[in-house]
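Here's a quick briefing to read with the model open beside you.

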Amino acid sequence: MIYIKKGTEPRSLTEYKSQPCATYDGYREKDDVRNALLEEQGYICAYCMRRISKEQMKIEHWKAQNASDGAGAEYALSYRNMLGVCLGNQSSPHEMQTCDTHRGNADLFVDPRDATHIAQILYRGDGTIYSKNSQIDFDLNERLNLNCESALLKQGRKEAIQSLQAYLKCQRAKGQWTPGLLQKVKQHFMTRQDGKNRIYLGAILFYIDYYMTKTAK
């Protein structure tokens, strides 16, 4: 995951919410929300970081509309509660589904809008995503199924990490990765291309920060 800084909601949503008895199902300009989420997130899924598009995405309610505590309806039209997510292999068996599709209406603790949560997400060289925080780790593995082998998410993250390492080796030999170089490389990978973030960006940024910590010792 990457940290998602929520921006201003689309005007059409603001105007619709001012109407009496407004409901999420009654809001007809959902493409405005889709476009806003895509721009906000750089066209990657809020959970798995795969590429998403207006035609291949869902509007996720972090606080589920049918949440177990019954409070979901209160946040149904809250733009801050909305994220852009992938389809999560929705036509596959449940054990092969990921992200919102696998989660269903279950409560989540991990929150990509919370920078302190993102800072507790770790990656292994084989692409495994995990956390030492048991609540976050449970959500990554059980709620969102982000280490699902059949979904090839681990493989995708592994390849992203390897692409970073190859890029660094082209700049300088390993052992000569200075903090200055790593900061430039971080900026390079964080720079969007045509408004799009790199897929699996969170894994890349984690390893850049890891290398920066190693060189600082």
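What follows is a short tour of the pockets, the secondary structure, the cysteines and a few individual residues.

This is a predicted model, so a few ground rules: local features need pLDDT of at least 70, side-chain atom pairs count only at pLDDT 80 or more, and totals for chains, interfaces and linings use all residues. Residues are numbered from 1 along each chain as its sequence is written, and side-chain values use heavy atoms, with hydrogens and water left out. Helices (H or I, at least four residues) and strands (E, at least two) are DSSP runs, numbered from the N terminus. "Buried" is used for under 20% relative accessible area, "exposed" for over 50% and "partly exposed" for in between (1.4 Å probe, protein chains only).

**Largest pocket**

- A pocket here comes from a 1 Å grid over the protein atoms alone: it is an open set of points where a 1.4 Å probe fits, with protein on both sides within 12 Å along at least five of seven lines, and lining residues have an atom within 4 Å of a point.
- The largest pocket has a volume of about 380 Å³, where volume is the space filled by probe spheres set on the grid points, which are joined across faces, edges and corners.
- Its lining has 17 residues, and Ile-2, Tyr-3, Ile-118, Gly-202 and Leu-205 lie nearest the centre.
- Helix 4 (115–118), strand 3 (121–123), helix 7 (179–190) and helix 8 (201–216) are the elements that give two or more residues to that lining.
- Helix 8 supplies the largest share, five residues.
- Sorted by class, the lining has twelve nonpolar, two polar and three charged residues; Ala, Val, Leu, Ile, Met, Phe, Trp, Tyr, Cys and Pro count as nonpolar, Asp, Glu, Lys and Arg as charged, and the others, Gly among them, as polar.

**Second largest pocket**

- The second largest pocket holds about 160 Å³ of space.
- Residues lining the second largest pocket include Tyr-24, Ile-59, Glu-60, His-61, Asp-100, Arg-103 and Asn-105.
- Strand 1 and helix 3 (99–103) are the elements that give two or more residues to this lining.
- Strand 1 gives the most, with three residues.
- The class count for this lining is three nonpolar, five polar and three charged residues.

**Strands 1 and 2**

- Strand 1 (residues 58–61) pairs with strand 2 in the antiparallel sense over four bridges; two strands count as paired if DSSP finds at least two bridges between them.
- Ile-59 has Gly-84 of strand 2 as its bridge partner.
- In a regular strand, side chains alternate between the two faces of the sheet.
- Strand 2 (residues 82–85) is covered on both faces, with Met-82 and Gly-84 buried on one side and Leu-83 and Val-85 buried on the other.

- Leu-152 is in the loop between helix 5 (134–143) and helix 6.
- Leu-152 has phi near 65 degrees, a positive value in a residue other than glycine.
- At 54% relative accessibility, Leu-152 counts as exposed.

**Cysteines**

- There are zero disulfides in the structure; a disulfide is called for a pair of cysteine sulfur atoms within 2.5 Å.
- Cys-86 is in no disulfide, and its nearest cysteine sulfur, that of Cys-99, is 3.7 Å away.
- Cys-86 is buried, at 5% relative accessibility.
- Cys-99 sits in helix 3 and is buried too, with a relative accessible area of 0%.
- Phi of Cys-99 is near 55 degrees, a positive value in a residue other than glycine.
- Cys-21, on the other hand, counts as exposed at 76% relative accessibility.

**Buried residues and distances across the chain**

- Leu-181 belongs to helix 7 and is buried at 9% relative accessible area.
- Val-185 and Glu-60 are 125 residues apart in sequence and 32 Å apart C-alpha to C-alpha.
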